[in-house]
Amino acid sequence: MTDLTIALSKGRIFEETLPLLAAAGIIPNENPESSRKLIIGTNHEHIKLVIVRASDVPTYVQYGAADLGIAGKDVLIEHGGHGLYQPLDLNIAKCKMMVAVKNGFNYEQSAHAGARLSVATKYPKIAREHFSAKGVHVDIIKLYGSMELAPLVGLSDAIVDLVSTGSTLKANNLVAVEHIQDIASNLIVNKAALKLKYNQIEPIIDAFASAIKES
Ligand code: ATP
Ligand code: MG
């Protein structure tokens, strides 16, 4: 048996992937929340997990450092998906990509075709595509976190960010004004690995697929 490596991020993706791994008969030896290890073994001698930053998962899989991975569509769109098969929408880590502004900001008037808007976001590609389809000129301000702060301190007119319950927006006096798209996580597979390790990878894809149907 050749070695198989699966790239995951800590937190919600790891937690929500555990039942899918279990359906494929894969049980991690440790929890990355409590362990400081970046490489985690499993009940299968030949299968290991590597724990990386959510936005780095596609990169590890693209270059074959991991054979499989699980990444949010937000991350996959920004990455571009080069070298990746995306065989399954796992229906986990669900949220929405939204445009939000400070309560009281007149978005309708500020985001018409031909207008110019400043937008702070961790997702420049998604934001640029969304506003270009509307004919709105945007100045994108790239941030790495806490986008909610930007409109409050005058860094930007709007933000493009992931929203699940909306409580962070509410706590910061922001309102969602536009829904860009629904987000969930996908299984991703290195294209070369899928061919070379088909006998090992295909049963995992099948087990994940039937676990999703049952949930
Ligand atoms: P980091 O926290 O390391 O900056 P991140 O925010 O991208 O990175 P996570 O918070 O673990 O990492 O999110 C992983 C994925 O889960 C995201 O790429 C997205 O698809 C999804 N996600 C993000 N926020 C939420 C949320 N509030 N509810 C549900 N899913 C979310
Ligand atoms: Mg996060």
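Reader: In this model, which residues is L117 in contact with, leaving aside its neighbours within four places in sequence?

Author: The model is a predicted one, and in it L117 is in contact with F105, Y107, S110, A111, F131, V136, H137, V138, D139, D157 and A158, once neighbours within four places in sequence are left aside. L117 also belongs to the largest nonpolar core, which has 29 residues, and together with V119, F131, I159 and V160 it touches the most other members.

Reader: Which elements supply at least two residues each to this core, and which of them gives the most?

Author: The elements that each supply at least two residues are β6 (95–102), β7 (116–121), α5 (124–134), β8 (137–142), β9 (158–163) and β10 (174–183). With six residues, β6 gives the most to this core. Another core lies apart from it and has 28 residues, including L8, I13, I51 and F208.

Reader: How should I read β9, and how many of its six residues are buried?

Author: Cover and pairing can be read together here. Five of the six residues of β9 are buried, and the strand is described as mostly covered. With β6 it runs antiparallel, joined by six bridges, and A100 stands opposite I159 of β9. With β7 it runs parallel, joined by three bridges, and there V119 stands opposite A158 of β9.

Reader: In what order do the six strands of the open sheet lie?

Author: The order is β2-β3-β1-β4-β11-β5, and the pairing in this open sheet is mixed. Its edge strands are β2 (39–41) and β5 (84–89), each of which pairs on one side only. On average, and with direction ignored, neighbouring strands of this sheet are turned by 30 degrees against each other.

Reader: Which strands does helix α1 lie across, and which strands does helix α9 touch?

Author: Helix α1 (residues 12–23) lies across β1 (4–8), β3, β4 (68–72) and β11 (185–190), and it runs at about 140 degrees to β1. Helix α9 (residues 198–214) packs on the sheet and touches β1, β4, β5 and β11, with its direction making about 30 degrees with that of β5. A209 has its place in helix α9.

Reader: Why does A209 count as buried?

Author: The cut-off for buried is under 20% relative accessible area, and A209 counts as buried because its relative accessible area is 19%. Between A209 and V177 there are 32 residues in sequence and 34 Å in space, C-alpha to C-alpha.

Reader: How many aromatic pairs does the structure hold, and which lysines lie over a tyrosine ring?

Author: A pair of aromatic rings is described by the distance of the centres and the angle of the planes. The structure holds zero aromatic pairs. K142, however, lies over the face of Y144, at 4.8 Å from the ring centre, and the charged end of K191 sits over the ring of Y85, 5.3 Å from its centre.

Note on methods. Residues numbered from 1 in each chain as written. Chains lettered and ligands numbered in written order. Predicted model: local features only at pLDDT ≥ 70, side-chain atom pairs only at ≥ 80, totals over all residues. Heavy atoms only, no water. Core = buried A, V, L, I, M, F, W, Y, C linked by side-chain atoms within 4.5 Å. Buried < 20%, exposed > 50% of the residue type's maximum accessible area, 1.4 Å probe, protein only. Helix = DSSP H or I, 4+ residues; strand = E, 2+ residues; numbered from the N terminus. Contact = heavy atoms within 4.5 Å. Phe/Tyr/Trp six-rings, centres within 6.5 Å; stacked < 30°, edge-to-face > 60°. Lys NZ or Arg CZ within 6 Å of the ring centre and 35° of its normal. Pairing = 2+ DSSP bridges. Axes fitted to C-alpha atoms, helices over the stretch in contact; angles between N-to-C directions.
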